[in-house]
Every structure is written in C-alpha cells, then in structure tokens.
Amino acid sequence: MTLNDVPKLKLGHLPTPLDEAPRLAKALGLRRLLVKRDDQTGLGLGGNKVRKLDFLMADAVRKESDVVLTIGGPQSNHARLTAAAARRLGMDSVLVLAGPRFESFDGNLLLDIIFDAEIRYLPDAGVAPMEKAMDETALELEQAGRRPYVIPMGGSSPLGVLGYANAVKELAGQLGDEKEPQIVAAVGSGGTLAGLTLGARMFLPGARIIGISVARPIEPFEVVVSRVAAGGAELIGVNSAFDPAKIEISYDYVGDRYGVPSNAGIEAILLAARTEALVLDPVYTGKAMSGLIGMVEKGAIDRDRTTVFIHTGGSPALFANEQYFHKMAKYIEINRK
C-alpha cells in the first residue's frame, strides 16, 4: 500500500498556503522565511490536527463508529478538532481532559461545548490516568451498545502521522526548486514531527527537520518520533528504520511547563503579530517561534538557508490567556461632553 492508497477524508481546506514572511525574516536575521499556514485548514477554526484526522476519521467511518474519544489538556487543539470532525461526520465525541484547574470555559473549551462534546476532566492528572480513563469510558460506551473509536493524544499514531507525510509532499510541490529547507515545528505529542520526518524521507530528503518541544515528556520525544514514524512507514511500505539520535529536537523553550505561556513565547507572539500580522498561540506556535528565534541567536540555524515554519494553529487558546497581554493595551478612554 502506498501513501495515496490509504483511505482518507477531506475534512479541511488543502493545500494550505505557503506565505513569505520578509519582515519577520529581517527581524530574525534570516535570508528567507516561509510560513506553512496549517492554521488555515478550515475545520473547527483550523490547525494541524485536521491532516491527521483525515486519516483517523476515515478509519472510524470504515469501522462504523458512532462516537470518538481522545485525550488532552484543557486547551487541547486536538480535542477541539476531534470534536469538530465528529460533528462533521454525524458522530458524538468524548474528551478526557486533564491538567491545571480552570475557572471558565473559554478558548478551546468554549468550542468543545459548542461542538457538544462530553468532557470528562481529571484535575492535575498525567497522560497515563487520562489514557486509563479513556479506555474505561470506551468500554462503558461499548457495553451500552455504542461503537467507540479511540484516538491517542494528538492523533500521534502510525495512521495519524500519514497526515504530515502528505503535508511534506504538498510542501515539496510548493517549494519548487528549493529542495533543502530547514523546517521548524512545535512538538507536543510527537506525531507532527514524526510525519514531517517520514515525509522528508520520501519527498524532501535534503531537508533538515527541527522540533521545538513545548512539553517535557516522560519518554524522550526522539524515541517517540522514531517509533511512530516507523509505524507510519510500515503502513505504506517505506524504509522504517529511524534512528532517534538523528531526530533533532530542542527542549530549551518549554518554559515552566506544558500549557503555561513562557515569557519568550509571549515575546515571539508579539513579534510575529507586529511584523507580519501572523497570529500565534501561547501553548504551541508561540513557543516554537521563540525556539526559532533562540536558535538563530545561538547560531544553531543556518541564516542563509530557506527556513519553513509550520504554523500548526491554536489561536483559540489566546482567548484563554488574556491576562498575559492586557497590560500591553494602548487604551485611552475619551470623555465627550
């Protein structure tokens, strides 16, 4: 089976644009910066998970599932888009969320409600308790006569990563004669970077793939990425040997913890917005952009090599983090008599 043979849906608006960012490139000291606009995939306010859900939800449809389950943090983009995809296909969704306690349903949580997702919340729990709760919920639903379909965190499975292998094929066509870019992306669960790694082997073998971690995983992301990329490769008959030592990931830009904005990430959001009107988010792309900025400053990025930043979306989370920005407002109240 080849990549083109694997069943997939068309939930999003693809291909996404590849935009020049000359003012941001100048501010960073890069010769050329391109932004792959996967924030514009369309479904449920967009984001990178749509590409994975094209493959995963096709499998759910094939299995005649009527409810999908997944896990994530309170402001999970993946959870929001899974709920949106379920609604598009006439299915229900159950989201098992865990992390810091929240006071209001804003940002992605508001959209989860709008998409009528059932939310099961575990305060301050880790991944393992979430996975256990999801499996128990799936069994509960099955015993009640439902047909559940379980999607792992971030859609990071061998089938899900094919979405980003496909994205590299799309990107290669957009780049034309530019065959050796350095590609930068956020790493939250490892699936997107795994797909980029697999796709680069197939369509852009001269590319350098750089991950910027937004979390501190229990298992090194290099191992996760290699394993999941290998699983995806096996599905489509591609060489499945991936050496974790050759997976490039920086852990220097996480900040305090996953889901908590960093000062460098906030500064990166402001720089992108004020040079290109490019809207990033404080959980993923803001931290990833801060990583790109930091790596350029350290000399770890080739300034003369074309750089592609994968904009994975996530802007709804901005509206759950207003407190980090309100002091910057240029607000003047005018009293008229």
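Trainee: Which elements do the buried residues of α9 pack against?

Mentor: The buried residues of α9 pack against β1 (18-20), α1 (22-28) and α10 (285-298), where buried means under 20% relative accessible area, exposed over 50% and partly exposed in between, with a 1.4 Å probe and protein chains only, and contact means heavy atoms within 4.5 Å. This is a predicted model, in which local features need pLDDT of at least 70 and side-chain atom pairs count only at pLDDT 80 or more, while totals for chains, interfaces and linings use all residues. Residues are numbered from 1 along each chain as its sequence is written, and side-chain values use heavy atoms, with hydrogens and water left out.

Trainee: And which residues of α9 are buried?

Mentor: They are Gly-265, Ile-266, Ala-268, Ile-269, Leu-270, Ala-272, Thr-275 and Glu-276. The helix itself covers residues 263-276, 14 residues in total, and reaches 20 Å from its first C-alpha to its last, close to the 20 Å expected at 1.5 Å a residue, a span taken as 1.5 Å times one less than the number of residues. Helices (H or I, at least four residues) and strands (E, at least two) are DSSP runs, numbered from the N terminus.

Trainee: What follows α9?

Mentor: Ala-277 comes next, with a positive phi near 55°.

Trainee: Switching to the core, which residues touch the most other members of the largest one?

Mentor: In that nonpolar core of 61 residues, they are Met-57, Leu-162, Ile-183, Leu-193, Leu-196 and Leu-204; such a core is a set of buried Ala, Val, Leu, Ile, Met, Phe, Trp, Tyr and Cys residues joined through side-chain atoms within 4.5 Å. Helix α6 (residues 162-175) supplies the largest share of this core, 8 residues. Another core, of 33 residues, lies apart from it, and Leu-33, Ile-210, Leu-280 and Leu-292 are among its members.

Trainee: What is Leu-204 in contact with?

Mentor: Setting aside neighbours within four places in sequence, Leu-204 contacts Val-168, Leu-171, Ala-172, Leu-175, Glu-178, Lys-179, Pro-181, Ile-183 and Gly-199.

Trainee: How many cavities of 30 Å³ or more are there?

Mentor: There are 2, a cavity being a set of points on a 1 Å grid over the protein atoms alone where a 1.4 Å probe fits but cannot get out, with lining residues having an atom within 4 Å of a point. The largest holds about 40 Å³ of space and is lined by Lys-8, Leu-14, Arg-51, Asp-54, Phe-55, Gly-163 and Asn-166. Of this lining, α2 gives the largest share, 3 residues.

Trainee: What about the second largest cavity, which residues line it?

Mentor: That space, about 30 Å³, is lined by Lys-36, Asp-38, Tyr-164, Ala-167, Val-168, Leu-171, Leu-196 and Ile-310. Helix α6 gives the most to this lining, with 4 residues. Leu-196 and Leu-204 both belong to the group in the largest core that touches the most other members, and Val-168 and Leu-171 are among the contacts of Leu-204.

Conventions:
1 Å grid on protein atoms, 1.4 Å probe; cavity = no way out; pocket = protein on both sides within 12 Å on 5 of 7 lines; lining within 4 Å. Points joined across faces, edges and corners; volume = space filled by probe spheres on them.
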